[in-house]
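Keep the viewer open as you read.

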Amino acid sequence: MLSPTVQSLLDRMSIEDKAGQMTQVTINLILEEDSNTEVHKEKLREAIVFKRVGSILNVKNHAYDLPTWDSILGQIHQITQETPYQVPILFGIDSIHGAGYTQNATMFPHNIGMGASRNDELVKRAAEITALETRASGIRWNFDPVLDVGRQPLWSRFEETFGEDTYICGKMGSAAIKGYEGDDLASEKNVASCMKHYLGYSHPISGKDRTPAYIPEIQLRELFLPPFEAAVEAGSSTIMINSGEINGVPVHASSYLLTKVLREELGFEGLAVTDWEDIVRLHTRHKVASTPKEAVKIAVNAGIDMSMTPFDYDFTGYLIELVKEGEVSEERLNEAVGRILTLKEQLGLFKSPGLEPEARANFGLGSYKQEALEAARQSMTLLKNQDATLPLDGPLAGYPRILLAGPAANNLSSLHGSWSFTWQGHEPEHYPQSTQTIKDALVEKLGQDQVICQSEEEWESPQNYTLPHEGQYDVVVLCLGENSYAESPGSINDLMLDPRQIQLAQEAYLTQKPVILVLCQGRPRIIRPIEESASAILQAYRPSSQGAKAIVETLFGDNNPGGVLPFSYPKWSGDIMPYDHKFADTIQEPEPNVYFYEGYSPQYPFGHGLSYTSFEYSDLRITQGPQDQLNVVVTVKNTGTKDGSKVVELYSRDHFASITPAVRKLRRYERVFLKVGEWIEVQFEMGAKDLSFINSELKRVTEPGDFDLMVGDLVQSIRYSG
Ligand code: BGC
């Protein structure tokens, strides 16, 4: 049911108006050729008055300051007054880990680090602040959260995922959606979310961005669809479609996925937008449409509501022709435009389309920094700590003198990754002046004299790949990993860490001092050749604005690390195996007819993460509640000498099933903070559905039988009798 406002608009709109509403163009199209920020009046008039576009997105080249946003959005708003119905423009942006297209916004760890925190509340809070700063910029639609499941570590957007586990992606994605949307989209605190990229984007067979995926439907439904189901339930308003193809069918052309599964099965009622230029690519790239016009027909009939064209109006023109020729029905247009106008209405755009002073007041509050710091702290994952190398000594024993080296030591982009003030994130001049590199934070902590460092901001600088050869020091901290990248420019052919960095580490080991590796990276680059000789390894992911401080705090024990890996850290590029693999995945026949299970042997397993304290589980018990409810309780105690947090994870194992079961599946998690000696009972509620899987008829079922429920080394078995 459409609201009276939306219905009355629809009744009055022409086909041209409707096709315009369904068109989204990038901001370049309304700006002066030689300026990143100056609006070209005639181009703007063409977009809005003549072409009647419904939506604009993006920045040109880099983040804007608030006055620039005011000026651009103000002019856009102004010109809508010249259109017959003054329909406001829906502006969309990528605030992926903070409002990164507004200068001085607060940046949070990328999802991969948030996944390590195992703290849904933290994800929600980061999304709330991102919503506040996005809306304060005048923008009410955010193309986030990413719900792609990170099961292909080569993929350049791995850092945007919450990791390899389907359940975590769904839970954290839902938390983000609640953070973005709140209870009321009209509120100056909220923005519309956009779950993306539906579906199967994260699993290209080659590992390269936007290349084909081959995912049998049983796996699509088992591994990749559930986060979207959860997100629909959490109330996400919009969805963006995967640019790629699955089993030879581009998702933008799949009425099965876009209409049957998304609308009829999942019951999604919101707006479906394409990804960048993806309709014409049905013709130019995927070759399922013989002309650009046929591409429009296929995509709109499949269920697309809005086309991110984004550089021209061809889509609009073809769509008008197709409706007039009877190739696309006007009902389909009404359905799409009904959704677009409904969202505009929900966002309060009809009532107050202009600048919202109350929203502006929410930009850049001092407390955000503290919250970004807390998020970065909680993401820190200590992979190795031989002989308690970390934490480094503090006041009583005196601080050590540090040799700090490596390309990530004095570099902002590797701390932030993609979508950070520019798309690729590697233009330091656009970062807030106050953002610290690891070197800055270390010098702040220890003083200039205690830190020897020759690293430079420029990732490729030769200085970053050699050790300074003078001075006395006690310990070497090597900051390694990856420079920032986004999408296809981040595609790689080899998961192995850059050979220059391997060599640098090997050189560092020759110093005979303890060597600590700090990894700033968006995906798990293989470190096998240098792992064994490292005294300690801290995985920092892309911790962003406050990341340097969180790293230094962790090195010195001011933050006790509690993050755990949201993916299996591979040891070999030819052995990419998720934790929830099948039993037969590890089978080995070293000699003819001699079989054994070699086991899952990554460099570090999923869920791995050390602490400066120790924890003990005890007393795992299960009680049966009403119907199929299970109440699982476990006691966890801090048995060490430091306060700290522990991620408690509950796994299940299905003994036998009609489809080969995974060796284990994560079913619940909770992060608890415990002081020294403190203990707590952690309770998890679960039902039969939590033990389900997709069967050969593509139905979700829980088959009767025996299951193990596991926390740490504790196991309890239950029987489900159906
Ligand atoms: C990306 C999307 C993004 C869109 C708009 C595309 O290239 O795949 O994730 O939302 O651009 O910037």
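Arg52 is partly exposed, at a relative accessible area of 25%, where buried means under 20%, exposed over 50% and partly exposed in between (1.4 Å probe, protein chains only). A quick word on what you're looking at: this is a predicted model, in which local features need pLDDT of at least 70 and side-chain atom pairs count only at pLDDT 80 or more, while totals for chains, interfaces and linings use all residues. Residues are numbered from 1 along each chain as its sequence is written, and side-chain values use heavy atoms, with hydrogens and water left out.

So what does Arg52 pair with in a salt bridge? Its partner is Asp17, at 2.5 Å from N to O; the term stands for a side-chain nitrogen of Lys or Arg within 4 Å of a carboxyl oxygen of Asp or Glu. This pair ties together distant parts of the chain, 35 residues apart: Arg52 sits in the loop between helix 3 (41-50) and strand 2 (55-57), and Asp17 in helix 2. Helices (H or I, at least four residues) and strands (E, at least two) are DSSP runs numbered from the N terminus. Asp17, at 6% relative accessibility, counts as buried.

By that rule the count comes to 49 salt bridges. Another one joins Arg339 and Glu335, with the closest N and O atoms 3.4 Å apart. Both residues belong to helix 14 and are four residues apart, about one turn. An α-helix has 3.6 residues a turn, so residues three or four places apart point the same way. Arg339 is buried at 15%, whereas Glu335 is partly exposed at 38%.

Arg500 and Glu460 make a salt bridge too, at 2.8 Å between the closest N and O atoms. Here the pair links distant parts of the chain, 40 residues apart, with Arg500 in helix 19 (residues 499-509) and Glu460 in the loop between strand 13 (451-453) and strand 14 (475-481). Arg500 is partly exposed at 32%, and Glu460 is partly exposed at 45%. Elsewhere, salt bridges that share partners join Arg157, Glu160, Asp209, Arg210, Asp275 and Glu487 into one network.

Now for helix 13 (residues 314-324), where Phe315, Thr316, Leu319, Ile320, Leu322 and Val323 are buried. Looking down the axis, these buried residues fall within an arc of 165°, so they line one face of the helix; the arc is taken over the directions from the helix axis to the C-beta atoms. They pack against helix 2 (15-21), strand 1 (23-26), helix 12 (292-302), strand 10 (307-308) and helix 14 (330-346), with contact meaning heavy atoms within 4.5 Å. After helix 13 comes Gly326, with a positive phi near 80°.

Gln603, in the loop between strand 18 (594-597) and strand 19 (615-624), counts as buried at 13%. Leaving aside neighbours within four places in sequence, its contacts include Ile527, Arg528 and Tyr569.
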